[in-house]
Amino acid sequence: MTTNTKLYTFNYSEAQTYLWSLTFIVANTLLPQLFHLIPQGGIIFAPLSFVILAGSYKFGWKTGLLAALASPIVNNLIWSAPMWSVIPVMALKLAFLALAAGLTAQYFKKVNILLLVSVVLVAELLGGLAELALTGGIAATLTDFTIGWPGLLLQVAGTWAVLKWLNR
């Protein structure tokens, strides 16, 4: 299932980069609050990752990277979550996702389920290795797959559906 959609690659000199990044930061501030109504909803569904994946794929890695680095900090300042100790790992994992999504979209110039699955798996692998290096523990990394598999599916299916919807 491939969909043709207009994909963008904005640079840091363009206002759209910052406007879209701000949009994703706002979405990443509000969307998790819905998922936190579900017990362990943030861990299970990883709503920040969904927004970063869709945004980076559609508007480029630079736009996504800004949102990926700022979103955990803004959430902490507004909602006191995530905890400060988790922010470096979370920001790094989101940054890997933004880079993988934006660069994949830029290279392939199309979106399909296989590409999105590949992006998510590469980002999870790189993020997991980074998390292991920073924390020395593998338990949190494995949680992304054992508890967080619905979120990984949401990222792939949701991003594909959003990008297809935006193309209509």
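## About the model

Residues are numbered from 1 along each chain as its sequence is written, and side-chain values use heavy atoms, with hydrogens and water left out. Because the model is predicted, local features need pLDDT of at least 70 and side-chain atom pairs count only at pLDDT 80 or more, while totals for chains, interfaces and linings use all residues.

## Aromatic rings

Let's start with the rings: the structure holds 8 aromatic pairs. Rings of Phe, Tyr and Trp (its six-membered ring) pair if their centres lie within 6.5 Å; planes under 30 degrees apart are stacked, over 60 edge-to-face, and the rest tilted. Tyr 8 and Phe 59 make a stacked pair, with 5.6 Å centre to centre and 10 degrees between the planes. Tyr 8 sits in the loop between strand 1 (2–3) and helix 1 (15–35), and Phe 59 in helix 3 (residues 47–59), so this pair ties together parts that are 51 residues apart in sequence. Here helices (H or I, at least four residues) and strands (E, at least two) are DSSP runs, numbered from the N terminus.

How covered are the two partners? Buried means under 20% relative accessible area, exposed over 50%, and partly exposed in between (1.4 Å probe, protein chains only). Phe 59, at 7%, is therefore buried, whereas Tyr 8, at 30%, is partly exposed. Both belong to one aromatic cluster formed by Tyr 8, Phe 10, Trp 20, Phe 24 and Phe 59.

## A nonpolar patch

Which element gives the most to the nonpolar patch? Helix 4 does, with 4 residues. Trp 84 lies in the loop between helix 4 and helix 5 (87–108) and is exposed, at 52% relative accessibility.

Most residues other than glycine have a negative phi, and most peptide bonds are trans. Yet a cis peptide bond joins Ala 81 and Pro 82, with omega about 5 degrees. Gln 40 has a positive phi near 60 degrees and lies in the loop between helix 1 and helix 2.
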